[in-house]
Every structure is written in C-alpha cells, then in structure tokens.
Amino acid sequence: MYSVMDDTADCMCSSALALNCCQFAFFTPNNKSSPRCCSYYYNDWMSKLDANKKLRDVVMPGTHNSASSTICKWALFSAVARCQNLQVHEQLLRGARYLDIRINNDIHICHGMVKGGTFSDVLNEVNAFLHENENEFLTV
C-alpha cells in the first residue's frame with residue numbers, strides 16, 4: 001500500500017495490512033520515473049555520512065519484530081504476529097539499521113506464541129547484506 005499526496009510531495013511507503021501491527025514504514029522522495037516510490041534502496045546511506053559525525057547524532061531507523069516475515073501467512077494469529085512483510089535483507093536494503101529479532105528457546109523466530117523461521121536463516125540474510133555493503137553496520 002502506498003500513497004502519493006501530489007507530484008512534489010513525499011510519499012508514504014508501507015507494506016502494511018490493516019490487521020498487522022507496526023509495519024516498516026518510511027518516507028521517500030517522490031520520483032516520477034519510478035512506478036512505486038517504495039522501490040528506493042538506501043543500502044549504503046551510512047557510508048555517505050560525514051566522517052566526523054558522532055554515532056549519538058545519527059538516527060538509526062529500525063523495524064519492530066524484524067524477522068516476523070518468516071511466520072507463515074496462514075498460521076493462526078499470523079495477522080497480528082507478522083509485523084513485517086519484507087525479509088530482513090530487504091529491510092536492510094531499504095535503510096533499516098536496527099533489528100528487533102525475537103527468538104524462542106529452540107532458536108526460532110517468534111512473536112508471542114507464533115513461531116517462524118530459524119534464527120540462523122536471519123543471520124545468513126544479515127551476513128549477506130554486510131558482505132554486499134562493507135561500509136555499513138547495524139545493531140540487533
């Protein structure tokens with residue numbers, strides 16, 4: 001779901017469903033050449049920061065229940081458990097640098113009692129992103 005307010009305004013991008021909680025949403029500049037404003041990637045935004053900028057002066061965009069996209073869409077209570085429709089790698093490409101990853105005792109992604117994929121799969125996504133973008137870092 002996305003909306004464009006007018007030709008010069010920013011647009012709100014979100015992959016939210018009305019029943020899901022706290023989707024990854026952000027503002028991106030409107031670009032007439034792009035059919036969807038959500039196609040922007042900010043995979044290297046940290047490497048473009050002023051070298052003298054202190055970390056405390058940087059706003060770290062993050063996502064709530066970042067790996068909840070690994071929860072099956074058809075699982076009971078998935079409408080509230082799947083807070084993200086994008087995989088962690090895609091969230092990182094779009095600029096997120098803080099990940100809220102919740103795991104249960106058997107090292108699976110979870111949101112409450114709803115279980116998703118494995119933590120090792122999420123770590124593989126994070127590793128792939130960091131290898132592709134060596135000047136970036138993130139917090140988990």
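Helices (H or I, at least four residues) and strands (E, at least two) are DSSP runs, numbered from the N terminus. By this definition Asn-65 is placed in the loop between β4 and α1. The model is predicted: local features need pLDDT of at least 70, side-chain atom pairs count only at pLDDT 80 or more, and totals for chains, interfaces and linings use all residues. Residues are numbered from 1 along each chain as its sequence is written, and side-chain values use heavy atoms, with hydrogens and water left out.

**Figure 1. Overview of the predicted protein.** The protein contains three helices and seven strands, and from the N terminus on its elements follow the order β-β-β-β-α-α-β-β-β-α. The average pLDDT (the predictor's confidence in each residue, from 0 to 100) is 79, and 72% of the residues score at least 70. Over residues 1-36 the pLDDT is below 50, although this stretch has 83 contacts in the model beyond near neighbours in sequence; a contact means heavy atoms within 4.5 Å. Where pLDDT is low, the predicted coordinates should not be read in detail. Of the 140 residues, 41% count as buried; buried means under 20% relative accessible area, exposed over 50%, and partly exposed in between (1.4 Å probe, protein chains only). Among contacts with a separation of 6 or more, 57% join residues 24 or more positions apart. The protein exposes about 8400 Å², of which carbon and sulfur atoms supply 57%; accessible areas come from the Shrake-Rupley method with a 1.4 Å probe, and for residues only the protein chains shown count as cover.

**Figure 2. The largest nonpolar core.** A nonpolar core is a set of buried Ala, Val, Leu, Ile, Met, Phe, Trp, Tyr and Cys residues joined through side-chain atoms within 4.5 Å. The largest one has 11 residues, including Ala-67, Val-88, Leu-92, Ile-109, Val-122 and Phe-129. The elements that give two or more residues to this core are α2 (88-93) and α3. In soluble globular proteins, nonpolar side chains tend to be buried together. Leu-92, one of the core residues, touches Tyr-42, Asn-43, Arg-97, Leu-99, Val-126, Phe-129 and Leu-138, not counting residues up to four places away in sequence.

**Figure 3. Salt bridges.** The whole structure holds five salt bridges, each defined as a side-chain nitrogen of Lys or Arg within 4 Å of a carboxyl oxygen of Asp or Glu. One of them joins the side chains of Arg-94 and Glu-90 at 2.9 Å, N to O, and both of these residues are buried. In another, the closest N and O atoms of Asp-100 and Arg-102 are 2.9 Å apart. Here Asp-100 is buried, with a relative accessible area of 16%, whereas Arg-102 is partly exposed at 35%. Lys-115 and Asp-106 also form a salt bridge, with their closest N and O atoms 3.2 Å apart. Lys-115 is partly exposed at 45% relative accessibility, and Asp-106 is partly exposed at 41%.

Figure 4. Asn-65 has a positive phi of about 45° although it is not a glycine, and Phe-77 has a positive phi of about 70°. Most residues other than glycine have a negative phi, and most peptide bonds are trans. Asn-65 is buried, with a relative accessible area of 2%, whereas Phe-77 is partly exposed at 45% and Leu-76 is exposed at 66%. Leu-76, Phe-77, Val-80 and Met-113 make a nonpolar surface patch of about 470 Å². Patches are made of residues with over 30% relative accessible area and no salt bridge, with like charges joined within 9 Å and nonpolar side chains (Val, Leu, Ile, Met, Phe, Trp, Tyr) within 5 Å.

Figure 5. Asn-124 belongs to helix α3 (residues 119-132) and is partly exposed at 49% relative accessibility. The C-alpha atoms of Asn-124 and His-89 are separated by 9.1 Å, with the two residues 35 apart along the chain. Val-140 lies in the segment after α3 and is exposed, with 63% relative accessibility. Val-140 and Tyr-98 are 42 residues apart in sequence and 5.8 Å apart in space, C-alpha to C-alpha.
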